[in-house]
Amino acid sequence: MKPAEIRELSDAQLADKLKEMRAELFNLRFQMATSQLDNTARVKTVKKDIARVLTEQRAREIAAEKAAAAE
């Protein structure tokens, strides 16, 4: 996913996407352990996507804290 696509998602959609990606990463790791994984680069891209989602969630938390402190 591109960062712009991630920014467009709502908080609930981000949480759902994170859950899906973590499940996918688990499955990819399982496939790698059993030598069934064809595209090993997919693991790296899923990890990066997870990091992007987590970064966006944290950025929104910080923005909400700043907004609450400004009031």
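Helices here are DSSP runs (H or I, at least four residues), numbered from the N terminus. This is a predicted model, where local features need pLDDT of at least 70 and side-chain atom pairs count only at pLDDT 80 or more, while totals for chains, interfaces and linings use all residues. Residues are numbered from 1 along each chain as its sequence is written, and side-chain values use heavy atoms, leaving out hydrogens and water.

Q: Which helix holds Asp49, and is Asp49 buried or exposed?
A: Asp49 sits in helix α3. Buried means under 20% relative accessible area, exposed over 50% and partly exposed in between (1.4 Å probe, protein chains only). Asp49 has a relative accessible area of 9%, so Asp49 is buried.

Q: With which side chain does the side chain of Asp49 make a polar contact?
A: A polar contact is a pair of N or O atoms within 3.5 Å; within protein, one must be able to donate a hydrogen and the other to accept it, and residues adjacent in sequence count only if both atoms are side-chain atoms. At 2.9 Å, the partner of Asp49 is the side chain of Arg52.

Q: Which residues does Asp49 touch, not counting those up to four places away in sequence?
A: Contact means heavy atoms within 4.5 Å. With residues up to four places away set aside, Asp49 touches Met1 and Met21.

Q: Which residues of α2 are buried?
A: Helix α2 covers residues 11-33. What covers its buried residues includes α1 (3-8) and α3 (41-70). The buried residues are Leu14, Leu18, Met21, Leu25 and Leu28.

Methods. Helix = DSSP H or I, 4+ residues; strand = E, 2+ residues; numbered from the N terminus.
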